[in-house]
Amino acid sequence: MAVATKATPAATDDKELLISGSEAVAEALVLADLDVVTAYPIRPYDTVMQAIAKKIANGELVAEYIVAEGEHSQFEIVKHASTVGARVFCGSSGVGWMYAMECLVVTPPLRVPMVALVGNRALDDPGAFGVEHNDALVVRDVGWLLCWIDTSQEALDTTLIAYRVAEDRRVFLPLAISADGAFLTHSQALTMVPPKEKVDRFLPRYNRGDLLLHPDNPITVAPQANEDWVIEIRRQNNEAMKRAYTVIEEAYADFRRVFGRGPENPWFEEYMTDDAEIILVGMGTISLPIKVAIREMRTKGKKVGLVRLRWFRPFPTDRLVAALSKAQALGIIDRDYSFGSPFGSGVVANEIRAALYNAERRPPLLSFICGLGGREVTLEDVYKATDMCYGAAKSGKSDATTHWLGVRE
Amino acid sequence: MAAVICEVVYRGIFQKNLAARIVRGIVLSARKSGRWGIAFGRYGDSPQRNGIPAKDFAIVADTNEELEQNMARYEPKHVDVTIVVDDTLAKGVESWAWYGLQPINRLTVPDGTVLMTSVQRVDDLLRDIHKKDAPYKLSLIRAKASFSGLWVYKEDHTEVRILGALAKIAPAFLTLDGVCEAIREMEWGSDLKVESAKKAYARLETREVKITEGNAEVPYSFEMPKWWEMREGVTIPAIPVGKPKEDGKGYVPERNPYFKKYTTRSMRPVINFDTCVKCTLCWIQCPDSCFDVMPDGTYDANMEACCGCGVCEAVCPVEQCITMVNESVFEDNASQWEMWRKDKGAYHTWMTQKIGDKKATVRSHGFRFRGQYEEELKSDLDSGGVEITAGIPGENAQHKTE
């Protein structure tokens with residue numbers, strides 16, 4: 001006689017859910033015990049605000065949910081909530097993010113550790129819904145921490161890490177997590193959701209300390225100042241951004257210790273780069289067609305690898321240069337544009353060019369623009385880019401132009 | 001001299017247009033002798049609040065290259081001529097843009113000139129102007145401070161008098177003919193103004209100032225914090241709660257440690273503590289919270305914080321309990337209440353003398369005199385007061401022109 005005993009899963013086990021990147025962010029916000037969230041709808045970010053609203057309505061999360069009358073107020077409200085000690089979240093997409101611009105630029109100097117989700121969307125005009133990275137990249141110079149995610153799992157994990165990094169007193173900077181519109185925000189994938197107990201071991205409470213706006217800590221925030229103070233304030237911001245390197249390393253190491261997963265290298269994912277002759281570089285969900293194409297090409301003897309950048313600010317200069325300089329040629333695929341920039345390249349290509357400038361070994365670098373406005377990046381696009389990279393590897397020369405892939409011509 | 005650098009120190013807003021006209025006039029006049037020039041303001045001395053000292057600059061040079069050489073700074077670090085259009089600025093310059101107290105002659109080069117409009121005697125002015133470690137010249141144009149407002153300009157010829165005087169001070173760059181020609185061509189020029197410039201040229205009073213002369217006070221200054229010493233997040237500590245004046249009575253608030261207002265005012269309140277009814281109005285209405293509460297419940301205007309706006313005088317319900325008096329007649333910033341407590345009789349004598357001085361209590365702001373400037377000045381000097389025709393705040397105004 002067999003007695004079937006069904007083991008109840010231990011309370012500390014992860015549970016597996018089929019959720020989108022946006023829903024994964026909402027799961028993480030519940031686990032992070034979010035205090036204040038502001039919302040104003042715009043696709044594709046609105047999937048997050050809907051997911052959070054549902055969590056609150058279902059009683060899974062107790063938080064202030066404020067629907068603002070526009071993105072400008074949306075970001076202002078969380079900025080103020082954060083200064084009184086609330087853990088905050090907001091987000092937007094495309095021109096909605098642009099409408100909040102005044103608030104986006106004041107957040108870093110005020111050292112507000114706001115976490116925002118940018119559901120990447122093409123800027124108007126034309127009004128379109130598909131992904132381009134130009135929206136989030138617009139704040140690349142002003143003190144926002146910027147990272148790009150690829151999967152629902154990474155969305156959940158990165159959201160937890162984001163609070164850990166942004167709310168570290170050494171940093172105290174806003175952090176934007178970029179998720180490719182549609183490809184990630186609207187695609188549901190199997191995702192491991194950890195229990196709150198584990199999250200509590202990883203993520204301390206937000207402590208604003210000496211910067212807390214409270215009657216017991218009387219301070220004035222953001223007084224007007226003249227040129228006798230501004231450059232010192234910028235210098236402080238620069239220092240906080242530099243300290244973020246260490247804090248990000250620490251956070252990922254601790255994440256691996258607590259959750260038993262997560263990358264050793266926080267900064268970028270390396271796929272088949274060990275023996276790669278050609279390394280392609282991109283950010284976000286573009287990794288999927290590239291990985292598939294790489295596998296296909298390797299069956300034909302082409303040793304191709306991928307570096308998928310996770311962190312764009314702070315930019316992982318040293319580690320990236322070490323990873324890239326061993327290749328025979330590089331192909332940078334931007335899902336963004338920077339009209340009139342050096343060589344007409346996208347933002348990532350030009351950043352990598354700059355990073356390589358002092359490198360001992362500089363492989364030929366080819367710059368590509370692809371997948372704008374949410375257009376599919378096809379395997380054929382990747383094959384084409386790779387072939388051109390092999391040409392550059394052979395000639396040993398970078399060509400001083402930028403190649404647009406997948407455009408009708 | 002291959003270049004002449006001039007600064008115009010003026011009272012924010014009240015003399016904004018005056019200063020702008022002067023520096024424009026300098027450049028346009030020098031142009032008549034084939035010189036190059038530039039006129040600019042330091043708006044960083046923001047926000048040019050009422051009465052706060054501000055500066056405009058004019059640089060003229062023989063060649064464009066020399067001009068650029070002198071322009072390659074945000075503001076000049078030394079000037080050949082310091083032009084002062086309100087003699088209460090003789091006490092120095094404090095504002096948002098210059099931390100601490102800057103003596104009025106600080107930027108003046110050795111043997112340079114401080115050119116001032118004033119009806120005070122030179123010795124009186126030298127009690128206010130700080131000592132300098134090099135000799136310089138003090139040139140006076142006999143005129144009052146020309147105050148008007150933000151959008152208006154008082155056509156009292158002050159700007160052309162300055163230009164005429166400069167033709168005497170720096171004839172190699174501004175010839176009298178060049179000045180006159182430029183004035184005629186300017187949008188605000190006229191033949192009458194040309195005559196005013198010529199008179200100023202002829203009447204300019206200049207005297208050497210030795211290094212032994214002047215106010216010996218060491219001006220207070222601040223050390224600006226390093227970037228790593230500053231609080232993060234664009235935050236500053238709130239001003240802490242103040243303390244009782246003494247024995248648990250009265251109240252003295254803490255104040256901004258980086259910005260005193262000793263010289264930001266052209267007038268200050270003089271208080272009759274014997275007639276004060278302790279109504280609190282001055283204390284509540286003061287936009288700069290300058291009043292300290294004394295143990296007896298009266299209010300002492302703290303000169304560290306008073307910007308001289310005159311609101312207290314306007315709201316005070318008691319006749320001549322608070323009277324605004326021109327800064328030039330005060331030698332220090334001491335507490336009036338302490339003086340009164342020490343010797344009430346002596347204070348009464350002092351106070352009566354200060355508020356009885358019609359020259360010192362009349363407002364020179366705005367358009368209050370109709371007629372020739374020389375008549376206004378004569379009347380002002382001879383009888384100590386001019387007819388006020390408009391716009392003085394407060395119910396006590398009538399008592400100032402009796």
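Two residues are in contact if their C-beta atoms, placed from the backbone, lie within 7 Å. By that criterion, the contact between the chains draws 18 residues from chain A and 15 residues from chain B. The model is predicted, so local features need pLDDT of at least 70 and side-chain atom pairs count only at pLDDT 80 or more, while totals for chains, interfaces and linings use all residues. Residues are numbered from 1 along each chain as its sequence is written, and chains are lettered from A and ligands numbered from 1 in the order in which they are written.

**Chain A side of the interface**
- At least two residues each come from β9 (219-221) and α9 (227-259) of chain A; helices (H or I, at least four residues) and strands (E, at least two) are DSSP runs, numbered from the N terminus.
- The largest share, six residues, belongs to α9(A).
- This side comprises 10 nonpolar, three polar and five charged residues (Ala, Val, Leu, Ile, Met, Phe, Trp, Tyr, Cys and Pro count as nonpolar, Asp, Glu, Lys and Arg as charged, and the others, Gly among them, as polar).

**Strand pairing between the chains**
- β9(A) and strand β10 (residues 235-237) of chain B run antiparallel and are joined by three bridges; pairing requires that DSSP find at least two bridges.
- Opposite A:Thr220 stands B:Ile236 in β10(B).

**Helix contact within chain B**
- B:Gly25, B:Leu28 and B:Ser29 of α1(B) meet B:Gly178, B:Val179 and B:Ala182 of α5(B).
- The residues of this contact are three nonpolar, three polar and no charged.
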